[in-house]
Structures are given as structure tokens and as C-alpha cells.
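Here is a quick briefing to read with the sequence and the 3D view side by side. Have a look at the picture, then work through the points below.

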Amino acid sequence: MKNLSIFLLGLALLISVPVSATTPFSGKIIALDAGHGSTETDYGATGYCGSTPVRESDVNLKVAESLKTKIESSEPNATVVILNRVPIRKDRVAQAESIGADVLISIHHNGSLDTTVDYTQTFITQNSDKKLANPIHKALVAILKLDDKGIQHSGYGMTVYGSFP
């Protein structure tokens with residue numbers, strides 16, 4: 001699997017993408033799902049930084065924490081909540097709905113044993129989700145400089161539950 005140095009680039013994105021004075025986050029509740037990590041055995045993919053193993057669940061949580069800090073410091077009128085790491089996806093969606101979230105972002109870093117597989121891809125459920133997905137996806141592609149597999153419509157993971165963009 002490719003080194004998880006992509007994690008560092010993802011953090012660079014969170015730090016470097018400016019948020020303008022008037023943002024779509026103003027007054028919104030944003031729920032962040034740091035994928036995996038709900039049990040001792042649910043850690044997602046494992047990659048390596050040099051010879052050090054790195055669990056996807058740990059990377060996802062660090063990115064969620066960094067994103068929360070970035071949004072809250074740039075938009076004090078936004079509320080950002082990192083969801084509890086419960087094993088059932090439907091329960092995480094219900095948790096986001098119970099806090100009145102306007103949007104739910106699920107963070108994942110997929111891996112492959114094939115080191116030639118390395119790209120950026122975003123999944124949405126509804127066409128209206130593109131309004132949020134487009135700028136995030138474009139920023140990720142620009143910073144990571146990986147092949148762009150685009151924004152795909154898919155009933156993938158948590159996108160099939162609830163009514164979130």
C-alpha cells in the first residue's frame with residue numbers, strides 16, 4: 001500500500017485552504033464522521049510511513065480534528081461536531097440528525113496493495129451535494145496532485161442513510 005504521506009498533504013490542505021469572510025458555514029452545524037475506529041478491530045486500511053504502520057482510523061480522526069479547528073477558527077458562527085465512533089453507520093447518521101446537522105462529511109483514506117493505485121475521488125448521493133463537494137474535491141486534487149477520478153454518484157457507505165448533503 002502507498003505510504004500514508006497523503007495524510008500530511010491532506011493536513012496541508014486543511015491549513016492552506018482559505019475560508020472567505022462570508023462562508024457557506026456561517027450558522028451551520030457540520031457533523032464530521034472520522035471513519036472507522038469504533039472497535040478495537042475496526043481500524044480500516046493500514047499503511048506505512050517509512051516502516052511505521054499507520055491505521056486509517058487514526059488518520060481519519062486527525063483529519064477530522066484538524067478540519068474542525070480550521071472551520072471553527074475561520075467561521076466562529078459555525079458549529080462543528082465530531083461524531084461518536086459507533087460501529088453502525090446508520091447510527092452515526094442518526095446521531096448527526098439528532099444534533100440538527102446541516103451537512104455530514106465522512107472522512108476516509110482508502111488503501112491498496114497495488115502501489116500504482118493512487119488517486120482522489122469524492123462520493124455524493126444527490127446532485128445538490130455537488131455544491132459542497134465541488135470546491136472540496138478541487139482543492140484536494142490541487143494539493144494532492146493525484147489522478148482525479150472525479151465526483152461519483154454512489155450509494156456508498158453512509159451516503160445511503162438520512163437526507164444530508
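A residue counts as buried when its relative accessible area is under 20%, as exposed when it is over 50%, and as partly exposed in between (1.4 Å probe, protein chains only). Helices (H or I, at least four residues) and strands (E, at least two) are DSSP runs, numbered from the N terminus. With those terms in hand, take strand β1 (residues 29-34): five of its six residues are buried, so to speak mostly covered.

This is a predicted model, in which local features need pLDDT of at least 70 and side-chain atom pairs count only at pLDDT 80 or more, while totals for chains, interfaces and linings use all residues. Residues are numbered from 1 along each chain as its sequence is written, and side-chain values use heavy atoms, with hydrogens and water left out.

**The whole protein**

- The protein has four helices and seven strands, and along the sequence they come in the pattern α-β-β-β-α-β-α-β-β-α-β.
- Of its 165 residues, 33% count as buried.
- The accessible surface (Shrake-Rupley method with a 1.4 Å probe; for residues, only the protein chains shown count as cover) comes to about 9400 Å², and 54% of that belongs to carbon and sulfur atoms.
- Contact means heavy atoms within 4.5 Å. Among contacts between residues at least 6 apart in sequence, 76% join residues at least 24 apart.

**Strands side by side**

- Two strands pair if DSSP finds at least two bridges between them.
- β1 pairs with β4 in the parallel sense over four bridges, and Ile30 has Val80 in β4 as its bridge partner.
- β1 also pairs with strand β5 (residues 103-107), again in the parallel sense, over five bridges. Here Ala34 has Ile107 in β5 as its bridge partner.
- Strand β6 (residues 119-124) and strand β7 (residues 147-153) are a parallel pair too, with five bridges. Phe123 stands opposite Gln152 in β7.

- Is Ala64 buried or exposed? It counts as buried, because its relative accessibility is 0%.
- Ala64 is found in helix α2 (residues 56-74). Leaving aside neighbours within four places in sequence, Ala64 is in contact with Leu32, Ala34, Ile82 and Ile107.
- Ala64 and Val80 are 16 residues apart along the chain, and their C-alpha atoms are separated by 9.8 Å.
- Ile82 belongs to strand β4 (residues 79-82) and is partly exposed, with a relative accessible area of 25%.
- Which residues does Ile82 contact, leaving aside its neighbours within four places in sequence? They are Leu32, Leu61, Ala64, Glu65 and Lys68.
- Ile82 and Leu67 are 15 residues apart in sequence and 9.8 Å apart in space, C-alpha to C-alpha.

**Rings and charges**

- A charge sits over a ring if NZ of Lys or CZ of Arg is within 6 Å of the ring centre and within 35 degrees of the ring normal.
- The charged end of Arg55 sits over the ring of Tyr43, 4.1 Å from the ring's centre.
- The charged end of Lys149 sits over the ring of Tyr119, 5.2 Å from the ring's centre.
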